[in-house]
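Trainee: I have a structure open and would like to talk it through with you. Could we begin with how the chains meet?
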Amino acid sequence: MIKFVLMVNRQGQTRLSRYYHSVELSRRAALEADVVRYCLSRKKDQCSFVEYKDFKLVYRQYAALYIVVGITDSENELSIYELVHNFVEVLDKYFSRIMFNLDRVHIILDEMIQNGHIVETNKSRILAPLTTIDKMVDS
Amino acid sequence: MALKIVKGSIDRMFDKNLQDLVRGIRNHKEDEAKYISTCIDEIKQELKQDNIAVKANAVCKLTYLQMLGYDVSWAAFNIVEVMSSSKFTYKRIGYLAASQCFHENTDVIMLTTNQIRKDLSSPNQYDTGVALTGLSCFVTPDLARDLANDIMTLMSHTKPYIRKKAVLIMYKVFLKYPESLRPAFPRLKEKLEDPDPGVQSAAVNVICELARRNPKNYLSLAPLFFKLMTSSTNNWVLIKIIKLFGALTPLEPRLGKKLIEPLTNLIHRSFSSRVLIFICFGFFKLAHKKSFSDVIVSLCYITVLISLSSGMPNHSASSVFLRISVVKYLGLLAMSKILKTHPKSVQSHKDLILQCLDDKDESIRLRALDLLYGMVSKKNLMEIVKKLMIHVDKAEGTTYRDELLTKIIDICSQSNYQYITNFEWYISILVELTRLEGTRHGHLIASQMLDVAIRVKAIRVFAVAQMATLLDNAHLLTGNMQRNGICEVLYAAAWICGEFSEHLENPVQTLEAMLRPKVATLPGHIQAVYVQNAAKLFATILKNQEGNTDSTAAQETSQMMIDRLPLFVQSANLEVQERASCILQLVKYIQKLQQKDVEVAEEVSALFAGELNPVAPKAQKKVPVPEGLDLDAWINEPPSESESEDEQPKAIFTKEEPKHSRPRHTEVDEKELARRREARKQEQANNPFYIKASPSSQKVYQEAPGVEHIPVVQIDLSVPLKVPGLPMSDQYVKLEEERRQKERAEKKKKEKKKRKEKRSGRGKKHDSGPESEEDITPAHVVDIVTEEMPEKSSKHKKKKQKKEKEEKEKKKKKKHHHHHHHSDGGGEESVQNGTVEEEEPLTFLVFPLPRKVCDIQGNLQDGSQVVVSVIFENKSDSFLKSMEFNVLDSLNSKLQRPEGSGPHDGLTVPFQLPPGVSNEARFVFTVQSIVMPQKLKGTLTFIVKDSSTHEKLDFKLHFTCTSYLITTPCYSDAFAKLLESGDLKSSSVRLEGVNMPFHHLLARICFHHHFSVVERIDSCASMYSRSIQGHHVCLLVKTSGQTVSIDAKCDEPTLLGNVLDEIKQTFSQC
């Protein structure tokens, strides 16, 4: 299962974090810093999987933004690798250019992952509730 | 009032929203903490206002701050407030905040139960959706128990969006409240066939996770999954299903054969996309099941191989861009899965894998290393290790180098040095490894050296020579860093040189090396070993020299000891001090004797006489505990906490002391000897000649009380470390080749001879061809110490006999039936089967899932159908087949039989049961009247495969009235209308002595009797359910103390009476 999803920038600042198992607040910061350090230190042509302590990290880089997913051993690495891309494509579809709107990103993420499992990968279905919400807010 | 509202909206204009906050934080890089603390103050002010919009905005900002790592738990109550807002945009913010901040121990969660329930039943699907999503993050056992029923209802919601989420969250609910699994499972199973692919995949997800925990229970779903696998096009689902089959195949071997075809199809189908790797990948998780044919494995294998060797698989090059490194990583991962069952096919690609060791990427290198472990054989070990050694030299970064080092040792030492044919080679590898700078694994090398030297007797001469050179060049090892772990090797070197000193070529030189002043810079525990072994050496030297006529040499040696030992007497380490002063006195005494021309060598060497034998790790178990000895009792009072903080180095006098019987000579000074013995025992305790040393003895190694503060002259070595005079391991590879060739030649010779002798006999004999594994004979023999003890085999036999006997007895015994008593008394059928006697040792466990009648919605229209699912579990040791299920029809209820069969024909159960397997079958009954409970008699006949006898089991099916009820949600206004209509007859019942919280009680009624809660006010709740024929059943449950009164209304009084009776029975059971 998926343990957490992180979005961090090149400076190592967390832009978004979502945990699917409870981690103490104090330990989150340490974990995030560690994970980011691991991923940032890797070169572009190295593979996207890092073994980190008792779980694996799957990460992808998009310009200055890194998306890091922590998974357990039982999860399929490649499917997560593709999921990250899918997620970015959805973000891209919704925000024409990546802009910061935390709760929207959260909604998208919640539509895709629940309980640490993938629920939905169809872009239009993921965005359906969001567009409805937007309409509700507009009206 | 109006003024307040105006004021509120004006205030709002000046409020910061989230964007402002983010911008603000970025603009205050220098004093971020200060800025945020002012923001938090503002937020606190905003939370105090009545305006919900302001509050929501504040909570939104808090969510962001929480993400940055600030504690916002103080605002938990405000979050709940925002959650309960009626406006969706605010509610969503509240739920988001809750899902981020709440965890199981947040106490305000208790307050949310009703709010969440309201949201779950909201007519707006997005309200429900957001509640479900939020709930999945913070569900507690209490929430799970209270809301399980609501969520279960949502699983059959009309909107797939809700169904999907409800199905997924059920997994969390099951984890928190396992009791809910049984009632929810049938519905979950239905969702596997949901028309919406999203819901389907959610159900697959949940069941796969459940099945991983306990695959046996899910075997009955195999056909369903099989269908899904062949029909589904969703790759995510496919992966999950394949994984699930991976868990199921070991339980049902036939499944594996069945899977081959669809899997091959899948692979072909997906050949053109990147899905290929997905599938292969999922598949390899399966591949370790023996049942898979080699064909399939090699097929997948080839595909992975292509991707590995060409880097970019040609079929994916066109459409997809997967980076080479990604493919490589996945390929290697997949290979490690195949390796378990098909090591041969992987082994042939050794070169490819070795190539991956050169990869720039550490992740890939580590994977490749993992593979190597399983790939070695006697034949290729030397070659592989040689390659690894090259990598060790090249490797940058200590972590990877350390990893390589441990891997080399792992590979060589696996299963009792199974693959090592030449231990001289291994020792030289170990010695070469000591040249690694800055490794942490010195102790690992040391323990290997000790292990090999102790267990392989033939190697000792060589090992001792190597260790002597190591000691001689100790400065090269310890030169650079004090903290570096490699000096641990000296511990082993000193010990080996001392213990096997009779093999030393030039003991005096070694002794001299051991007593150099530089030794004092080593960690204490190593110095201690040095001192002790110097004494051993001394004894050997005396023995050698006393044979000579010239006694001055011996006296010189004594003098050297006396000169050098005081250095150690001054050591800060107690252990070293003690040993050194002890030995110093001894040598002085010896010197005195020497001057009188007394021969002492015999007696001195008697101190260390005797042979060391490796001891199996579990040998202690073989020693019987003497009578009256309680090992658990404290000998002294347990030490208090504060004492343990004492500065005294631990583990000096507390270590267990393995005793070895050695011949003792009492001629030497008794007192001296006693002290010596003590010292020796200590030294033994520190020696890990216990094979596979237990962690406790490992610890001793690390005991290195501070020598760091001693000033050390640092030697800067820029030249790569090469210990002069040490043989290179490479030459052994060559030697080994030669040896093998020789052996082969000899063999051939022998064969020729044989052939000559047998010429008259058979015509041709094939050449030995390429040498096989077995042909390679190890050059040295390892003393293999395993747990097996000779007497075990006889024991084993006895056990077997006993077992057989038992089995016979079992067969004679009358069959005893287990009536699986399910806590759910209201389950629709209970089967009693205590009336048959059988010869077979069959314990037939038949119990129903508390399946809801007509749980399938389609049956709602047909108010006369009841579906009964029965789980058959074969508890016997034999295979059961041709099962037939038959029920004696009553006027009211009839088993639905296929058209054309007579009213008394049985139904064939569509599966066979191997021993220990359970499976589920469904039977449909038609029922006319549902107002009365009913019992049906039935029989199950089957054939036991081994004896091919027909067997029969009688049972009773109990159709309770509850089983005719279906959970149907009802809103309070509709409920009120129903009660007002006056069509309903009323009845009531009182339950005494019910000792459980009210919500437990409600949950119990909901689960076991298919009711749903309409409304709950304090200790009073209204509940509703409907029968399959459309009868309304309304309950009003009140509790005071231990008494529960239930007032009920229903349009069918008989049904109501029976339902109430059943409820009463449910509570009387607990």
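Mentor: Let us start with the area buried between chain B and chain A, which is about 5,100 Å², with carbon and sulfur atoms giving 53% of that area. On the side of chain B, the residues that lose the most area to chain A are Met67(B), Arg92(B) and Trp236(B), which together make up 13% of what that side buries. Please keep in mind that this is a predicted model.

Trainee: How many residues does each chain bring to the contact?
Mentor: Chain B brings 58 residues to the contact, and chain A brings 54 residues.

Trainee: And how many salt bridges are there between chain B and chain A?
Mentor: There are three salt bridges between chain B and chain A. One of them joins the side chains of Glu120(A) and Lys164(B), with an N to O distance of 2.9 Å. Polar contacts can be counted too, and between chain B and chain A there are 13 residue pairs in polar contact, with both residues at pLDDT 80 or more.

Trainee: Which helix gives the largest share of the side of chain B that touches chain A?
Mentor: That is helix H10 of chain B, residues 160–176, which gives seven residues to the side that touches chain A. Sorted by class, this side of chain B has 28 nonpolar residues, 14 polar residues and 16 charged residues.

Trainee: Changing topic, how many cavities turn up in the whole structure?
Mentor: A search of the whole structure finds eight cavities of 30 Å³ or more, and the largest cavity has a volume of about 210 Å³. It is lined by 20 residues, and the closest to its centre are Ile107(A), Asp110(A), Arg92(B), Val130(B) and Thr133(B). Arg92(B) has already come up in our talk, as one of the residues of chain B that lose the most area to chain A.

Trainee: Which helices supply the lining of the largest cavity?
Mentor: At least two residues each come from helix H3 (102–112) and helix H4 (123–138) of chain A, and likewise from helix H6 (88–101), helix H8 (125–138) and H10 of chain B. By class, the lining of the largest cavity divides into nine nonpolar, five polar and six charged residues.

Trainee: What about the second largest pocket, how much space lies there?
Mentor: About 970 Å³ of space lies in the second largest pocket. Its lining has 30 residues, and those nearest its centre are Glu362(B), Ser363(B), Arg365(B), Leu366(B) and Tyr400(B). By class, that lining has six nonpolar, eight polar and 16 charged residues.

Trainee: Which element gives the most to that lining?
Mentor: H24(B) gives the most to the lining of the second largest pocket, with six residues. Among the elements that each supply at least two residues are also helix H1 (25–40) and strand S3 (49–52) of chain A.

Trainee: Back to salt bridges, how many does the structure hold over all chains?
Mentor: Over all chains the structure holds 27 salt bridges. In one between Arg23(B) and Asp20(B), the closest N and O atoms are 3.9 Å apart.

Trainee: Why are Arg23(B) and Asp20(B) separated by about one helical turn?
Mentor: Arg23(B) and Asp20(B) are separated by about one helical turn because they are three residues apart in helix H2 of chain B, residues 18–27.

Trainee: Last one, where is Thr968(B) found?
Mentor: Thr968(B) is found in chain B, in the loop between strand S9 (965–966) and helix H43 (972–980). Although Thr968(B) and Thr153(B) are 815 residues apart in sequence, their C-alpha atoms are 7.7 Å apart in space. Leaving out residues up to four places away in sequence, Thr968(B) touches Ser1012(B), Tyr1024(B) and Arg1026(B).

Notes
Residues numbered from 1 in each chain as written. Chains lettered and ligands numbered in written order. Predicted model: local features only at pLDDT ≥ 70, side-chain atom pairs only at ≥ 80, totals over all residues. Heavy atoms only, no water. Contact = heavy atoms within 4.5 Å. Buried area = accessible area lost by both parts, 1.4 Å probe. Salt bridge = Lys/Arg side-chain N within 4 Å of Asp/Glu carboxyl O. Polar contact = N/O pair within 3.5 Å; in protein donor to acceptor, adjacent residues only side chain to side chain. Helix = DSSP H or I, 4+ residues; strand = E, 2+ residues; numbered from the N terminus. Nonpolar A, V, L, I, M, F, W, Y, C, P; charged D, E, K, R; others polar. 1 Å grid on protein atoms, 1.4 Å probe; cavity = no way out; pocket = protein on both sides within 12 Å on 5 of 7 lines; lining within 4 Å. Points joined across faces, edges and corners; volume = space filled by probe spheres on them.
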